[in-house]
Amino acid sequence: MMRFLRSAFVIARRDFGATVLSKTFIFFLIGPLFPLLLGGVFGGIGARVATQTVRPTVAIITEPQSFTAIATARERLAAATSDDTVIRIIRFDPEPDLAAQQKRLLASRSPPIQAVLTGWYGSFHLAGDIHKGDPTERQLELILRSAEMGMFPGPPVHVQPTKRMSPASLVKDRALTAQLGEMLLFFLTILLSGMLLSQLIEEKSNKIIEVIAAAVPIDALFVGKLFAMLAASVVGIVVWLSAGALLIQAVKSGGVQTLPPPAVGWPGFLILGVVYFAMSYLLLGAAFLTIGAQAATVREVQTMSMPITFGQVLIFGLASTAVGSPNSPIAIGAAIFPLSSPMVMIARAAQEPHWWPHLVAILWQAAWVALILHLGASMFRKTVLKSGPRRRWWSRKSVA
Amino acid sequence: MLQQVSHSAASNALAVEAIDLVKDFDGTRAVDGVSLAVPPGSIYGLLGPNGAGKTTILRMLIGIIDPSSGTRRVLGHERPLEAAQEVGYLPEERGLYPAMHARDAIAFMGALRGLPLAEGRRRADVLLAEHNLGDWAKKPIRTLSKGMAQTVQLLGTIIHKPRLIVLDEPFAGLDAINQGRLEELIRRETRAGVTVLFSTHVIAHAERLCESVAIVAKGKIAFDGRVDDARAKLSAIVRLRTRASDGPWRSAIPAGARREGDEWVFELPAAGPEPLLRALIDGGAGIETLAIERPGLHDAFVAIAGSAAAAAMGQEKA
């Protein structure tokens, strides 16, 4: 066993080094960062533009003392909701010709004024491109009421923080986490495991397969290749997730902590996420390695990749049935089917707090990884190396 | 029981043993009942034309493929891969990772056979320097010439100091100088007690290097034994030129003799050269020249495998 593992390690070390230390790996790493980066840049610009153009501005013609109460009320509202959605207000000193001042302000382009407020508590007058029930009018009404009440502050509200959420929102949030976890697992697996289809082409085309097959068992070759690519993928994922977390932290107040909490808790969910990604990768990767090993040329691999991608989408569709109803018969069936099992189980981790199903599932999936690899290596020996006696399924004749 | 034990002990003494190996590919029998016995420390050649089944035999012996039937034992192991760390193998179709540096390629091949990578690199540097490739140690394989790459692969075959070296057509593609170097390397390894088993379709290499050969033709072993025994299957050839064209001496010429120019060519009679010489002198032949030639391995090969197989070998000279 030690010799087998050592052989697999030699193969894995070579493959990992050849992959990670190649120039193309830089493109592999930065490729997925482009959409994130562009999304961040254009999203930021868009948000700024939206802030500047969409948020209405109301001119308030009043004395500074009166405006202070209104501005304070506006700040309270902005803090309670979000500054992005609360109207902007600008004060102007009253002029002798109020009508002319109103007209001039409404014609202003810098800043563009949507409406002009005049008058005093109890008798406000709002003029401009506005109608009754307009959001600007409603916000302004709230601000003015708040400003009025601010003069007579009410009793303070005592806050008692509690982690308990309402059952309805809890189920909804966890389903969202389950769906996100499942989708993340699916996309990472579909993006990364496809590389394994062409893993044996290099060895077959440069004939080194003969040297390797004479020195180590084919099973060790398969295991080494699979784990090398898993390790290379994990390097990529660490880079991408770090960049993604930084981006979320930058654009979303509160960062990743604001995401809905899974049933097993965030630390457990993240650990299971890593384990299930590895399992999903190993399962699909072992299947891809097996299929790809049969291909003699890159052209054959390319021809195979489309139906395989389609198959992955079907598996994702099967796994999606588990979200929302993890104990339904179809969800349990999808958890048992090895190729969809990791995705179903990560969704389950978001929705169900029990740990024992995960232990069973991980052992089950690991057994299937070993089985698929063994079958793949046997197929490779039989069909590619043409090794061993010819056996028919109806004939059990053994050959020494 | 006692008999079984002694048989096992005898088998273990052999470096490689094959019993009745058969290999079928899609209904075609490529190897048909091959049995071999390679003594330890010997140079053993598999000789035969292309397509005779030599590579398939070697691939079965070292465990790349399993036979359809039959058994084989390598360095005492019935599963050849169990002996992999003590075996070095150079395939017919050379293969290296083009992006790997020469020293890393050699060390990698050693690592596949259980040699620690650091030790493999250290030995690779020494071996490359010995073969005048020291300057190429840290250059990618793709930048090496074909001959250099072949040398690198050969060094990778012996980097872990194997007890058995298996070489499939090792001289193919090498120039005369490198062929000489390879022959010297093979002899040096066997002087150190290593067993060398190699296949070739060039009779001259087998004749120069091998103590024992197996002549392979159409998937079968036509002859297996010492090179001298193969030659001994044929009688020595006598080439005679006389001054007299006719006379009583003619009765000493065997019935099957043929004329080649002004020479008589015939097999040396079983009684040996003395009675022949006496009859020629007494009969007044006037011997101008008389040569007795021992048959070469090529002649033995023709006699054993047939002239068609010999023609297929291409009559390639080293």
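## Strand pairing in chain A

In this predicted model, strand E1 (residues 57-61) of chain A runs parallel to strand E3 (residues 115-120) of chain A, and three bridges join them. Strands pair if DSSP finds at least two bridges between them; strands (E, at least two residues) and helices (H or I, at least four) are DSSP runs numbered from the N terminus. A:Ile60 has A:Leu117 as its bridge partner in E3(A).

The open sheet of chain A is formed by four strands in the order E2-E1-E3-E4, with mixed pairing. Strand E2 (88-92) and strand E4 (123-128) of chain A each have a single partner strand and stand at the edges, so one side of each is left without a neighbour in the sheet.

## Helices on the sheet

Helix H4 (residues 64-80) of chain A packs on the sheet and touches E1, E2 and E3 of chain A, where contact means heavy atoms within 4.5 Å. The direction of H4 makes about 175° with that of E2(A); axes are lines fitted to C-alpha atoms, for helices over the stretch in contact, and angles run from 0 to 180 degrees between N-to-C directions. Helix H5 (residues 98-106) of chain A lies across E1, E2, E3 and E4 of chain A, at about 150° to E3(A).

## Confidence and conventions

The model scores ipTM 0.76 and pTM 0.68. Chain B averages a pLDDT (the predictor's confidence in each residue, from 0 to 100) of 85, and 92% of its residues score at least 70.

Residues are numbered from 1 along each chain as its sequence is written, and chains are lettered from A and ligands numbered from 1 in the order in which they are written. Local features need pLDDT of at least 70, side-chain atom pairs count only at pLDDT 80 or more, and totals for chains, interfaces and linings use all residues, while side-chain values use heavy atoms, with hydrogens and water left out.
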